[in-house]
Structure formats: C-alpha cells, structure tokens
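Let us take a friendly walk through a protein model together. Have a look at the whole picture before reading on.

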Amino acid sequence: MSAGIAPARAREAALLGLGAVTLTLGAGSVLLLLGGYDPAAAGAAMLRGSVGSWNTFVSITLVRSVPLLFAGLAVALAFRAGVWNIGAEGQLYAGAVGGVWVALTFTGLPSPLLVPAVLVASGLAGGLWALVPTLMRLRLGIGEVITTILMNFVGIYMAAWMVHGPLQEQRGVFPQTDRIIEAARLPALIPGTRLHIGFGLALVIAAVLAVMLRRSRFGFQIRAVGASPEAAAVAGRINPARVVFISFLASGAIAGLAGGAEVSGLTYALYEDLSDGWGYTAIAVALLGGLRPGGVVVTAIFFGALQAGAGAMQRDAGIPAAWVDVVEALVILAVLGLDRVRAARAATSTVEGGA
Amino acid sequence: MSDPLVRLRGVQRRFGRVQALAGADLDLRAGEVHGVLGANGAGKSTLFNVLGGLLAPDAGSVEIEGAQIALGSPRDAWSRGIGLVHQHFTLVPALSVKENLALGLRGRSLAEISRVVEATMERTGLRVPLEASVSAIGVGDRQRTEILKTLLRDPKVLVLDEPTAVLTPEEVDGLFDLLRELAAEGRAVALVAHKLDEVLAVSDRLTVLRAGRTVLTTERVDATERALVAAMVGGGVADEIALGVHRMSLKPEVPALDPSTVVARLSGVTGDRLSNAALEVRAGEVLGVAGVEGNGQHELALVLAGRVRPATGGAQVPDEVAFIPQDRRTEGLVSDFDLTENIALALSRLDRFGAGPLMPWSGLAEEAERIRIRFDVTAPSVATLAGALSGGNQQRVIIGRELALGAQMLVAENPTRGLDVAAAAYVHGELARLAAEGLAIVLVSTDLDEILGLSNRVVVMTRGRIVEVPENERTREGVGALMLTGRSQAG
Amino acid sequence: MSQVELTLFLESAVRLGIPLALAAMGETITERSGVINIGLEGSIIAGALGGALGALAFEGAGLGVMSGAMAGMLVGLVFAAFAIGLGADQIITGTAVTIGGLGMTGAIYQARFGATGTELSLPTLAPVAIPVLSEIPLVGSALFAQAPTAYFAYLMAPIAWYLLFKTAWGLELRATGEAPAAAEAAGVRVRLVRLVATLFGGAMAGIAGAHLALAHAGTFAENMSAGKGFIAIAVVVLGRWNPILVLFAALFFGAASALQFFLQALGFDLAYQIFLAFPYVLTLAALAGWVGKSRAPAALALPWEPHR
C-alpha cells in the first residue's frame, strides 16, 4: 500500500497545494473569528514577523525553515517508498546528540574536517535511530507508525538525559551542553545574517533527491515499491525489503541532519526541547509539497514563515503560538480532502462490478 | 402466464466514461430458471448489482411484484425478497461458517438461526461445516455457504452470478438440480453466465445482454446456439472465432514437440500451498495447468516465473521468464504509473537499454511506443496512466512488455479473465502463435475450456500436488474427475 | 521493599494504567471495525481540557468527565469525517488530528489562562473505596479505592467483550473490520458502523483524558497526554483486540510507568529521564516479543468505498 496520497503530476500537485493553502486560510480565519480574534490582524502580524524585511526573511524565516526542510525531505522520501516515517522528531534529536558529541569531543580537528564530521555523525545517528523501527517492520512485520512514534519519545528523553548528565556543561548548572568551539560551527551562508550553510546543504540534498527519484534506477525502484510493492516484486522483480531498508535509513539520516545542522549552525549547543515539533510539522511540509523535493523546498519556507510569524502573532495580535499547530493540522486535512476530490474525479474510466 | 416477479426496464448506468448499462430489460418469473448470457463486459453483473441494491441506476425502473421500488442498499433488496449470490464470494474469512450465515440477520436469536440453518440444510441437501472458519474450507463449501446464506432469508428471487467458475463438472450438475428444485418451489431463479452450454442445460428462458442492452429474450425450446452466440457478440467479430471462443475448438496447429528441449524443471517443491510439486516445461509446447482456484496455482506460477524461490525442493527456471499475472491491477501494473514507467518495470534491466545508475528513459519511451502500436493498445500516448486503461488494453500492455523480454518461457495466469470476447480471442491467438514459434508456455487457468482448447499437455493441481492428465482423458469429464479425486473430501 | 511501598506502587500502577485502559478499550472497538485512529492522542488531550473546563464550568468533576467524553468524541468526529466520510488515509488523518488536537488545546489553554498559566485548581474526582473489596490485603486499595472512572473501566471490559463476541451487533462490527465488502453485501451499513465505533473510541479516550486531569493530576497542562494515545494503540495490539486482555495489558503498562517509584524504593538511582523513557521502550519490546501471536482485523486501515 503506498503512503497515503498518490503524488500527482507536478502541475496537479502544485494546484492541490495552492488549494490546500487557500482552504486552510479560510478555515483558519473562521476558527480565529470564533475565538474572538481578528484574522486580519493575525495575518498582518504573521506577515510582518516573517517577511516584513529582508533581514526578517533571511535571518528568521529561512533560518526557521532549515530543520523543516531537512525533516520534510526525510519524510517525503520515506512516504514515497511507502514507509510511514512519523519518527523524524526522534531521529532529529538523535542527530543533534550525535553531532554535538562529535563537536565537543574532537576539538583538536581543524574546521574543514570537524564540520563535516559533525554533520556525518548527525546523519549516522539519525539513521541509527531509524534502524529499530526498520528492523521491526522488515523482520517482524510490525507497522512502523507506532514504533517510530514511540522512538520519538525515547529520543526526546535520551537527549534530555544527555544534557542533564553525560553531555552537560562544565559548570553543571543548566541542562545544556557547553557551547561548541568555533571550528565546529557551520559558517554563514550569507555573511552578516544568521543563515548558515545548513540551508545550502539542504537545498543540495533536495536537488539530489529530485534527480534521484526522477532519473536514477534506484529512484525508480523507490517509486515503484511505494506505489505498489506487489507489482514491483512481480513485474519489476525488485526486492521491496531492500528498497524499504535503504529508504527508511536514508530518511532517518536526513532527519538526523536536521538536528545536527541546527546545533552546529544556530544554537551552538544542545539543550532540552531543541525542537518545536519539527518532526511532526515535517509531515505537513512533505504532504503539502506533494512529496516532491522541489515542492518540499517551497513548503518548508512557507512553514518557516508560519513559525517565524507565530511569535509576532502572539505579541501583536495576542494569538497563542500553539495556534500554528492547528494551522499545520488544517493544511494536512486540506491536502487530504482535496486529494480525495482529485481521486474521485480520476476514477472515470474504470468499470466497476461488471463482467 | 403469471406476472413477472421482477421487471427491470430500460436500466442505465455509467461509470465515468463507460456506459455499463444502456437500457437493459429483464423479466424474472416465478417457477422458472432464467439464464442471462453475455460476454465479459456486457453488463450482466452490473444489472444484478442494481437489482441487489448495491448500485443505483441512472435511469430505468425496477419493479418487484408489480410495485416500482428504489433500492437504496443491499438491506432494501433483502427486505424485498431479492437474494443475490455473488460471483466473488462475500464471506468473511476470519469468521466461522455459522457466523457468516448469521451475519446481517437481525431480529432472530442465535438459537433460532441455528434451527433455521439446520432445517434449510436438510431440505436442500447443502451441508456445510458450521463451526469451521471460512478461511479453512474449500471453494465448494464456500459456494454452498453463499447459497445457504441467501436461502436463509427465504428469497422470492434468487440470482446466482457466475457460480460455476469454481466448481468441478460434477458439482455443477448438483447445483443445477438444486436450482430446478428451488424454481419448482415457486421462486424466480436467475443464472448469470458467459458459458453457453451450462446455461442451456438448466434454463427455461434465456436473455442475452450485449454492450449494456438486452438484445434477445427467448424460450429455451426456441433457442439455437448460433443465434445466441450471434446475439452475444454481434457484428465485428468473425463467426468462427466467436464460436471457437465458446466451443474452444482452437486446437494448437503444431503438435507437441518431442521432449528434447526442457526449458524449466521443478522437483519436490514444497512451500506456500505447494506439496511436492514436480513439473517439466518444454520448448514450443503449451502446458495447461488446470484446477479449481486455491489449490496452489498462483504459488506455482510465481515459482515457475522465477519471482519466488521455493522453500524446499529444486526449481530450475530460465533467468528471464515472461509472466502475465492474474491480478493485472495489483501484480502486473502500477496504476499510478504511465505506460512507459510500467514497461520500464520489467524492461529497464535489459542490457540493450544500457547499464549505469540512471534510467534510460528515452530508450524506454521508444520501446513503450513501439509496444503501444504493435499490440494495438488503445491509449492516447505512452504518458497515459495505466489505471485509466480498460482491462483488455492493460492486458495488451502486459503481454507486449513481457514478450519484449525475449524470454524462452511464458507463464500466463488466467490471461483472459475479465476480458471481453474480442480481447480474449486476441490473447488466445497470441498464445497459439507464440507456441508455434517455439516459446514454452505455461497456461494456468481455472477455465477448463481455455485449457483444453489451447494446451498440448494438461496437468491438474489439487492441494498443491501436480497430476498429469493422460492423453485419452483430456476431456471436461476426465479432467473434472481428476480435479475431484485429487481431493480427499467431496467439496 | 515494605508492604506499604508495594501497595503504593500497585496503587500508582493502577492509577497510571486506567487512562490507558479506557483509551485502549475504546480503540479496540474502533479497530475491530477496521479503523485505526492515530488521532486518539488528540481525543485524550481534548478530553483532558474538556474535562477541566467542564468541571470548572459545571462545578463538578462528574460533569467534567462527561464534558471530556464529549470533547473526545468531537475530535473523533473530525477524524471520522475525513478518514471514513471522505475515505482519506487513516494514518495521515490521525496524525493531523493529533497535531491539531494538541495545538488547539494548547492554544485554548494559553488564551484562557495565559502562557505561563497559574496552575488551575480543579474539582477533582475523589477516589471512592468499595467496601470489603478495598480491604483485600495488598491489591484491595490498589484496585478498589480508585476514582469512579476506574470502575467504569473495569465494567467496560466484560461489557465490551460481550457486545463484541456475543451479540449480532458485535458480529456486524467484526465483519466490518474483516471484510467490509462482505458485510455490505449482507446488508450491514459499513460506514455507519465504523462511525459509531470511532465515536465510541473518541468518547472513551475523552474520558481517559478527563481522568488524567481530574483524577490523576488535578490540573491541566499542555501536552499532558504525553503519548498515552500511542501507547494505547500498542496496548490494543498486545491485548489482541480483546477488551478484557486489553484491560490487563493496560494495567501492566501502568505498572511499567510506576516502576520508577518501585526502583527508587529498591535503591536504584537512575536518571529521571530514563524512567520517563521506560514505558516507551517497554512498549517497543513488548510489540517485538508478542509478534505473530495475534492478528489484526483484516481490513484495518484499508480505505473502503461503498458501491454506488
């Protein structure tokens, strides 16, 4: 069974995305009105807080979008392969832990070696975090939805334990690590702003995934297994288990990069509650982007804007920041609803129940 | 002549772009067995799904006992005394036979239901193992359970949709006796089929549907085979082919080659539903594998086609085996992929498209176009999604693709299932041609006529075992008997 | 470990297990009809907030529980509208409902009580000791001196079991979850059955949430459901979709959560976070260990369209 929605042709996917955003804006406004808030003021505050100025856009919105971009690509890749990776949150934390550990341990290395080492470590850690659900699915036939969600909780507590214990800062006051040294930090992508090369790396990964899915043999196998594991095995003589294994772990690794890039590019340390539910937001990002890497880039920036604007929304229009989660949910539901409409209209030429 | 119990007039129904029913009429009278004939796709099942409350008609009327009714659901149909026995079993595998019988019977206690079940089993002679799980019983028992389920509700009208496909010839006779009895009790019995001789054997009156319309209604005594076939296929398909399809007199032109070139060999294969299966397949022959569904044919096909490695035993099959699976939509094609991508599924591995990590899309697109034209696939272009094609065209794509593999062997599983007459004739023609050209073909089919009409050699599968049918027993009765004796209990 | 400590442990075990039991029993019925509701977490948190607000508004914990049930059912309705009504993918719909539920409850709470809210003080569901039974040594007070919602859970298990396996309605429900096409042909209204099953599950989860807020914590905090909805879904698997076994599995998990007190009392001194992670790790291990011994309803999570 393929993962949820059939990524339609690019044009259809874009239309669906736009339609979903429109529906969400509408539904969201209604809910705000019901709550006694002013949707217009909310919208204005959100815009101001996200794209109000060049600096806001680059140093806040784009920066916020980096982990969403990594995680969104991770989720999109998994869903394309028919893997329900709801565990990007845990994989992200694992990646953050792995990355920060390398940054704190190998302080003797020069920057050109240390920075990639940090990123590779975070990717490996994320992939490793996906290993348990992967094996449980492939060896034991246990659905990965619940196992990845459970691993999320384990990941969050594992990271919390790390910053309370083994990785805690020298002076032992706060539950956080020491700040990582200069050599381990990601340089800025645009000098003078907070936007680090993590953004560039994410874009590169998006491009690689896009080319892979469209043009490579393995990408084709991923799409086939995601669309119909039976046809892939029988008609294509593809081994679905192998494809699932690689895709699942790769997805975990990319999600791990989200954590690693955040720690080495922005916060320069690990603390509790690093992520604001990015792993779950990534699902909305991936779906709204039609599970296509190019679409995910656009939607990640969109959600980055949402999260960036949420703070302004709270200050200026008094709307609680948790509201952004509601918007995410509305987006997913809108995409699902519109996809069903698309499917109903596409079911035109098949004859039912007739012999 | 009493008024008909059921009167369907001018029923229309379309699915998207396909007009499944374009004005069909039917009268069902009490006390008669009415045969409804038509090729695959003529609209028979659709018409009865309307009568059974599963589908709403776009136009036309449904009259039951003189009153015009709009049937909103199967429950409505049940309450009006319409009992539909479906083509594809509507039993719940995980539940017991007794639970399946009780399902949907409201207002009666379980004890009462048990009593009625016993009484009905007595009366009709249909015995089923009540406590067994449906997943564990054989096809014959399931058929009987389906019929019992319907009879429990004491229907005035009983409709059976293609009931004989999964029965041995002996079981078919038993069923027909039962139908005559039920009709004699004053019910209206309708039998839907596309097999001419069966329907002729049991019906009092006949109706022929073609392209969603009623084209002929006649008493049995007045009916001739020729007239019925002509009504079923209409113009456009040569009479001989049409008759041939129904009589299955399409004997292969080249007799079986001497047993020199063995292309595939299985010995002692045991596993998923296979029990010590042994088989040899030779070049240029059509090997027919007959048997009632569920005896391991699908598993055998997958092993022969090299898609599955058997748990134990030896399987020597060629590296490349062309495979036409019976489930086109789930195992043969990816509905959301276009023609090029579906063809790429099987062909992209071939050397002639090049090696390397990238997909050779331009070469594959050319090949897809070539196949589309050569195999006459009705599709606007190779960018059409496979899910949008009709069954017959999907089969053409699969055949074209698989043949392009250049394999020595072809395994075809129920290749004409769900296809209309012309498409079925096409497939049979292709199979005969390929065998004549030296391809080794394994034809796995539940359609005995198809097997007998095309095969040089026939084997029967029962309970995972393979039994060869001697030359002199290659008839419906002979093969049927083998299918029966291979099983340890009747039904 | 002294008897007092053991009794405390058992009391905690039951208290922590009850919300799981309530939610899991509801989800058992839902899944038996072929629907997997990942949005259960959303129903629980909605029930917690609904319970809290209801208890405040109606000045009574009992009415609070009813409000919680309604809130949980409402969330279930949203899920059903998309997953059953539109036939949208159940997994993704459930994920959206959970994200939305957590966000909505968080937003409403923040709006009413401020972002750094002073702790709500709610009318609580006091434990009610059942005479005689609660006197049983060791387990008496653990099992029979709990909030009324616990007794509701105990009663629900055999009732649900009976309904599921001994009544015509239960048969229809099970048929819907195993082979909806067959059920439809037999005259069962598949979507209606699934809707009712989902609403029931939502209501039970709502009661679970209300129990969390009113009987357990005595207040509401954002995200206080802490993944119990997901654990409940795993508990359904472990309980083999049988309401009575599910009750036991849930209590077992309550014990796992209560383990931190047990181990601390025994002198182990592991980090707090490891104890927090323990229930989830245990769930994973249990899923891995129990595999192959139970079978899900055949049509679970598969989309289904009625003929028409």
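In which helix of chain B is the place of Ala184(B)? Ala184(B) sits in helix α6 of chain B, which covers residues 169–184. Helices here are DSSP runs of H or I with at least four residues, strands are runs of E with at least two, and both are numbered from the N terminus.

Before going further, note that this is a predicted model: local features need pLDDT of at least 70, side-chain atom pairs count only at pLDDT 80 or more, and totals for chains, interfaces and linings use all residues. Residues are numbered from 1 along each chain as its sequence is written, while chains are lettered from A and ligands numbered from 1 in the order in which they are written.

Is Ala184(B) buried or exposed? Ala184(B) counts as exposed because it has 12 C-beta neighbours inside 10 Å. The rule places C-beta atoms from the backbone and calls a residue buried if 20 or more other C-beta atoms lie within 10 Å of its own, exposed if 12 or fewer, and partly exposed in between. The C-alpha atom of Ala184(B) is separated by 33 Å from that of Leu95(B), a residue 89 positions away along the chain.

**Chain B as a whole**

Chain B has 17 helices and 19 strands. Its C-alpha trace spans about 70 × 50 × 45 Å along the principal axes. A compact globule of 491 residues would have a radius of gyration near 23 Å, and the 24 Å of chain B agrees with this. That radius is taken over C-alpha atoms, and the globule rule is 2.2 Å times the number of residues to the power 0.38. Of the 491 residues in chain B, 49% are buried.

Helix α8 of chain B (residues 225–233) has buried residues Leu228(B), Val229(B), Ala231(B), Met232(B) and Val233(B). Just after α8(B) comes Gly234(B), with a positive phi of about 60°.

**Two domains**

Chain B is divided into domain 1 (6–247) and domain 2 (262–485), with bounds that come from an automatic or database domain assignment. Taken over C-alpha atoms, the centres of the two domains of chain B are separated by 31 Å. In contact are 14 residues of domain 1 and 16 residues of domain 2 of chain B; contact is counted when C-beta atoms, placed from the backbone, lie within 7 Å. On the domain 1 side, α6 and α9 (239–247) of chain B each supply at least two residues, and α9(B) gives the most, with 3 residues.

**A helix pair**

Helix α12 (residues 339–347) and helix α14 (residues 391–403) of chain B pack at an angle of about 35°, with their axes 9 Å apart. Axes are lines fitted to C-alpha atoms, for helices over the stretch in contact, and angles run from 0 to 180 degrees between N-to-C directions. From α12(B), the contact includes Leu339(B) and Ile343(B), and from α14(B) it includes Val397(B) and Arg401(B).

**Between chains A and C**

Chain A has 40 residues in contact with 39 residues of chain C. On the chain A side, α6(A) gives the most, with 12 residues.

Nonpolar means Ala, Val, Leu, Ile, Met, Phe, Trp, Tyr, Cys and Pro; charged means Asp, Glu, Lys and Arg; the others, Gly among them, are polar.

| Side of domain 1 of chain B that touches domain 2 of chain B | 10 residues | 3 residues | 1 residue |

Key: Two residues are in contact if their C-beta atoms, placed from the backbone, lie within 7 Å.
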